[in-house]
Each structure stands twice: as structure tokens, then as C-alpha cells.
Amino acid sequence: MSETMNTNEDKKPPLNGRRALPSNNSNEEENEVPEMEAFGLIPRGFNPRDYLRVEDIQMFKEPHEINKQQHHTDKYYSPKLIVRRGQPFQIQIDFNRPYKPETDQFWLEYLIGRYPQQNKGTYIPILIGDVLKPGEWGAKITHKENNSVRLSIMSSATCIVGKFRLYVAVWTPFGILRTHRNSATDTYILFNPWCQQDAVYLDDEKEREEYVLNDVGIVFHGNINDIKLRSWSYGQFEENILDACLFLMDKAELELSGRGNPIKICRVASAVINSKDDNGVIAGSWDNTYTYGVAPSAWTGSVDILLEYYSSKQPVRYGQCWVFAGVFNTFLRCLGIPARLITNYASAHDNNANLRLDFFLDDEGKVDTKLTKDSIWNYHCWNEAWMTRPDLPVGFGGWQVVDGTPQETSDGMYRCGPASVQAIKHGHVCFQFDAPFVYAEVNSDIVYSRREKNGTQVIEKIDTTHVGQLIVTKEVGGDGMMEITEDYKFQEGSKEERLALETAVMYGVKKQTTQDIVYQPQTDVDMDFQVQKAVIGSDFKVTITFRNKSRNYYTATTYLSGNIVFYTGVTKNEFKKHSFSAKLAPSSSSAFDVVIKSSEYLSDLLDQASFHFFVTARINETGKILAMQKATVLEIPALRIKTQGEMVAGREMSVTVEFTNPLKQTLENVTLRLEGPGVLRTMKKEFRQIPMNSTLIWEVKCIPKVPGLRKLIASLNCDALRHVYGELNVQIQKP
């Protein structure tokens, strides 16, 4: 006995003058628990075998058994017991003889981490009682038969979320006997949206099925005039994903005692999802070169990313906003926090958070790229997580914005949220965390200004409606789009909207005044332009229309600039310059076409085939300038997925992916990915070349595991063509 004690002494952590115990921030680490804890000297005749002894513990942990069924955890691909907090679960203890309550005394001990302490909730002794109090730790015997005892155990509705170790302790007059360490009895405890006392309680069953249990989702991308969608496999129930998600909290060094609080978990997770400043999960890259990594557009889901990070402990390359949001959504749903992925179209990235994006024009009315620092993202994805906010006044619970994409630092780290959606809508941006930044993303004004020769700044146009004009998420129970713009803002131009803005300004959102700057808009001529929809590789036209409402003849010197942009609105280069003089007759409209040839744009095209057109026109007679900008995305052909034969769980089936090259060039080094949670793990295939107009066919055999409606998701990626997706719903029959 003394020898083992000595080895333990050597392992003692270094002393720290501030705390008696080192910080307990790893779920993975364990302490050694003595199997015999003596009260003093042990008499010679003592034989532990004379006392009640545990022979076996049954956890009822199979997917079809009572615990996982009642706790909605039957989909997790894990052999261990997984339950949700604040709700009773069953175990059975088999002793060496019948249990006699008059003389025998035993209790349960749940431990987490390396330095368990009762007051921190990391050491939980549970005595056997007569009744279970809702939402508090306790245990009672529900059934006794021969040498076995069936227990119902209630966990606290606020307890730590993570993996606990279970010991059964038996009292003897000379000391405590414990069961030995047995990882088969480890118990994962998760958040419980079905439990009213849990901070993440959600009262609608359909919403719980969508926001907690659905393992595939939809990412809306493209832009406001051309909304595109693709599926994303969250895969929160796949093998080892739960452990990978718990590892993220260890990586972020979140104290175990704080892991029952969804606010803290979201805040640290929004930092650890990106690799900036903490070597987190995903390295972002927005420069269209993805050497030594996977292009962001090639991922079809979160599972590969999380598993790679869990094993390598190094950031996975590369991600952009929807990848960060997809992985964050997996993390939240996996732990049991209701979550959804949001897309904000025309999202402002305001570098100095003054609620205005400044676009500076030069003399000719072209945008001055050296002076213009702010950018408008075609779209930006973030997440909403559902929880109460006891740290804020009443009324700010519910959906909270959390964002894992590294944009700006918050308290010194790249993270964002949780920020109450309700607080953003009403302009109460004083409430933590990062509400002013999110408020600016959905509410900034665009100000076009030009510096005259004498140095005065002239504002040519203020656009108050362009930013945040559409905010969407996937509908509950279907693949359609649900608009949630009004969750974030009141009707544009309404009294309530102005009031919310004044409130936000009062709480310190900087709103620069425009009083010192001359602003006289051109009112008697309107200008608009439309971009024709086109498939990648074809020519298309831009049509500019003027409406002269005055009685005067005008001539407008018109300038069109076509730019290839990242979806973040940052320009790569200008591929089209075209100017012409437009004659505008009184009280009439006139239209002018500008043709864009595929040869002008194909060589420089980026990831998402995004263009940004700027049209400026100077009315020569009045000197006034009209300015307008629009983003547009080319149509990218889809992959076709087909299945053959019967689709039955446990039997082999065949899946075929087909793609026809639409470009007037050969595609080189093409990577295909295919995945479907519950049907097949991610598969990859490389093709050296796909000549123009030729079709590639890839056949895959797989054995689906889970019956029911599942989704197959495929992506194709090469340097010349990205963001090519396909998907197929498949109904897997029961065997």
C-alpha cells in the first residue's frame, strides 16, 4: 500500500501560491481513486470479501435500450452511456449477495477531470434516497431482484457537460471500498433542450428535432440577387465526434466548473473554432491559393475537419465563413445546445465600427481603392445558439449570435458572441458580447463621397438599405429558406428602426455625422442596372437604364467597372472598363447594353465566380454624379448523384456521381468528395483531367448503417472550377 502512495507523491503538481489545486480544465485527464480508503489502522482479521461487493454494473447503453431512447441520444455512434442533464436514467448494480438496506450502505461517485472537488461540481457523491427531486442530483432504488439493484439516477439540470467516471463506494467499519476504474461505465452528460430547468430548454418538439437532432443542413450563399444553396453534413452523431467536441473545450482551457454554462461554452468555442491566436480548429484563407490544404469550397461537412483536428491537434487548412459556421453548428448540436446556421446577405465588414461604409470616388467617379478600406461581403454566415441569458435583463434570452469566423478581436481574441438577437434588433448594444459589431454587420449605411479639387468632401449618395437586406436560415423540417430579417431589424424606414438606431448610437455605436459635409443628391435622373444571369464560361450583358424625370436634355458620361471579387467584397482585379456618353431625352427612359465576354473574365475567375459591377454617371450639365454597385454570381453546373438497386440498411448499395465539364478548357487535378451521415464515410477520388464537354462518372459501393431519410452530398474541386455541388435524398429501408 505504502509504495503506491509514494508514486502518487512524485506526481504532485508544482506549488502555486495563488491556489491550493491547479486549474481543472481538462476532461481527458484523470486522478487515481483508491479502491480501499482506510479510516485508520486496519485490524488483522479484516477481509473486504466479507462485505457487500460489486460484481458488475449494467449501464443500459445500447441505442435501443431505455436510456438512449428516453434521452434522445440513440443516434450517437458510441458504445458508452450518453444522457442529458436534469432527466433520470437507469443503471443496475449486481452485488455478490442480496443488498440489505438495514446494514449495507453504498453510494455512487461521479468524477470529472484530474482534481475533483465537490464544491466545483467535479466530484459528485450521490446517496441513495427515497425520492428524486427534479433537476437535482439524486438516486433511488426502483427494483430489487436476487443480488441486483435497479437505480434511477437524476442529474442536476445545471451540471457540467462532459465525460464523467463512475465509481460505486461501499461503507465498511474500517474504510470505504470502491469499484476499480472501468471505462465501460463512463457516462457522457449533455445539455438537455427537453428539460425545463436547463438553460437551453426549447419548448417546440419540431424545433428540437431540427436544431439539435438534424445532422444535415443547408448553407445559403451566392448573393441577394441570386441566392444559391448547398447541403452541409454536420455529422454530430458520427464516431468520435463527441470526444472531438469535448477536446475543443480542453484546448480552449475552459475550467471544468464553467462547462455547465452555455454562455461560457459559446464564447470560448467561437475563439477555438478559428486558428488565430490559439491554434484552433480551422485556418482561414481568403486569397484563392490553397496550397498544402483543402480549398474551403471542397468540404462537404464538419466530420473530416473535426476528426483531423482531434488527431493532429493542428489547425486544418482551409476554411471560409460557411466552414467555420458549419463546424460550430456541429459542436453546438453535438453538446445539445440548439443551433442554426445563418446567412446575412450584403454583410458589412466595418473596419472602424462607425455604422457607415465609406466608398471614396475619384474625379471620374471611379472607386478609389487606396482610400476605400471597408468592404461588403456578398454574404456572411454565422450561427445562432438558443439559451437563457441570466447575465442580461429579462427579455434578451432566446437566439444568440455566435461567430467563429475571425474578423475582429473581442477582449483580445478573435471571437464573437454570444450576442442577443433581441438586443441587436432594439439597439441595446450595451449588453455583452460584441453586439455593436453584429449591429453594424446588418445595419451600416453606405456613403459614396468624392473630394473636390479644393479639398471639400462631397457626398454623392447615401444608401441606407443595401446592407443586411436579407437574413435567412433553413426552415424547420424541410430544405426551404426561412427569412428571419425581422428578428434582427425593424422595417427599413419605420419609426421603430430609427429609434433602435438612436438607442444603438446612445450606447456608443459610433455614427459619424454628415452635417459638415455637403450632400445634394441628383433627384431628376434615376439610374439602375441589371446583370443578365449566365452560366460560367458564357457571355452575358449588363443593361444600364436611365430615367430622366426633368424637362431638360442631359448627357451622362457613364463609366462601368467590372471587378472580380472574393465573396468578402474585396477586389482582386478590374477585368472590364467601359465608358460611353448617354443622351437622355426629357421625361423619358433609355437603356444601354454592355456585353461581357467569357474571354475577359475566365482567366482570373475566383472561387465563387463572383463579379462586382460599379456604374457611375456624371450628368455633364449639372455636374451631379449617380453611383450604384451590384454583386452577381455566375451559375455553376451541378453534380448529379444517382443510386442503383435497393437501399436497405446493412446491405451493399451503389452510388454514382456524374459531372459534365462546361468550360472551354480541360479541367486538371480534379478532386471529388462524397459523404452521407449514416450511409457512408467521406470518400475522395482524384481525376487527372476532364476534357471540355466530356462527362466523368464515379461509382461507389457502400453499406448504409441507419434506416430512414438520409442525404448524400458531393463536391467537385479544381483550380479552374470550385463550388460545384450535388446532393440527393435517399430513403434507406429497414432490413
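This is a predicted model: local features need pLDDT of at least 70, side-chain atom pairs count only at pLDDT 80 or more; totals for chains, interfaces and linings use all residues.
Visitor: How many helices and strands does the chain have?

Guide: Helices (H or I, at least four residues) and strands (E, at least two) are DSSP runs, numbered from the N terminus. Here there are 12 helices and 41 strands. The C-alpha trace spans about 115 × 60 × 45 Å along its principal axes.

Visitor: What share of the residues counts as buried?

Guide: Buried means under 20% relative accessible area, exposed over 50%, and partly exposed in between, with a 1.4 Å probe and protein chains only. Of the 735 residues, 55% come out as buried.

Visitor: And which share of the contacts comes from residues 24 or more positions apart?

Guide: A contact means heavy atoms within 4.5 Å. Among contacts with a separation of 6 or more, 68% are between residues 24 or more positions apart.

Visitor: How many salt bridges turn up?

Guide: A salt bridge is a side-chain nitrogen of Lys or Arg within 4 Å of a carboxyl oxygen of Asp or Glu. The whole structure has 40 of them. Take Arg178 and Glu109, whose closest N and O atoms are 2.5 Å apart. That pair links distant parts of the chain, with Arg178 in strand 10 (residues 175-178) and Glu109 in strand 5 (residues 106-111), 69 residues apart. Both Arg178 and Glu109 are buried.

Visitor: What does Arg340 pair with?

Guide: Glu384 is one partner, in a salt bridge of 2.8 Å, N to O. Arg340 sits in strand 16 (residues 339-349) and Glu384 in strand 18 (residues 375-387), so this bridge ties together parts that are 44 residues apart in sequence. Arg340 and Glu384 are both buried.

Visitor: Where does Asp487 come in?

Guide: The side chain of Asp487 also meets Arg340 in a salt bridge, at 3.8 Å, N to O. Asp487 is in helix 10 (residues 485-488), and 147 residues separate it from Arg340 in strand 16.

Visitor: Are Asp487 and Arg340 buried or partly exposed?

Guide: Asp487 is partly exposed because its relative accessible area is 31%, whereas Arg340 counts as buried because its relative accessibility is 5%.

Visitor: Which residues form a network of salt bridges?

Guide: Glu30, Lys80, Lys163, Arg165, Arg181 and Asp186 are linked that way. Look at Lys163, which is in strand 9. Lys163 counts as buried, since its relative accessibility is 19%. Leaving aside neighbours within four places in sequence, the contacts of Lys163 include Lys80, Asp186, Tyr188 and Leu246.

Visitor: How many aromatic pairs does the structure hold?

Guide: Rings of Phe, Tyr and Trp (its six-membered ring) pair if their centres lie within 6.5 Å; planes under 30 degrees apart count as stacked, over 60 as edge-to-face and the rest as tilted. The structure holds 31 such pairs. Tyr110 and Phe164 are edge-to-face, 6.5 Å centre to centre with 85 degrees between the planes. Tyr110 is in strand 5 and Phe164 in strand 9 (residues 162-172), so the pair ties together parts 54 residues apart in sequence. Both Tyr110 and Phe164 are buried. Phe247 and Tyr309 make a tilted pair, at 5.9 Å centre to centre and 50 degrees between the planes. Phe247 belongs to helix 4 (residues 241-251) and Tyr309 to helix 6 (residues 303-312), 62 residues apart.

Visitor: Which rings gather into a cluster?

Guide: Ring pairs link Phe540, Phe575, Tyr601, Phe611 and Phe613.

Visitor: Last one: where should I look in the backbone?

Guide: A cis peptide bond joins Arg317 and Tyr318, with omega about 0 degrees, and Tyr318 is in strand 15 (residues 316-319). Another cis bond joins Gln432 and Phe433, with omega about 5 degrees. Phe433 falls in the loop between helix 8 (421-426) and helix 9 (435-443). As for phi, Asn279 has a positive value of about 55 degrees although it is not a glycine. Asn279 lies in the loop between helix 5 (262-272) and strand 14 (282-284). Ala346 has a positive phi too, near 60 degrees, and is found in strand 16.

Notes: Residues are numbered from 1 along each chain as its sequence is written. Side-chain values use heavy atoms; hydrogens and water are left out.
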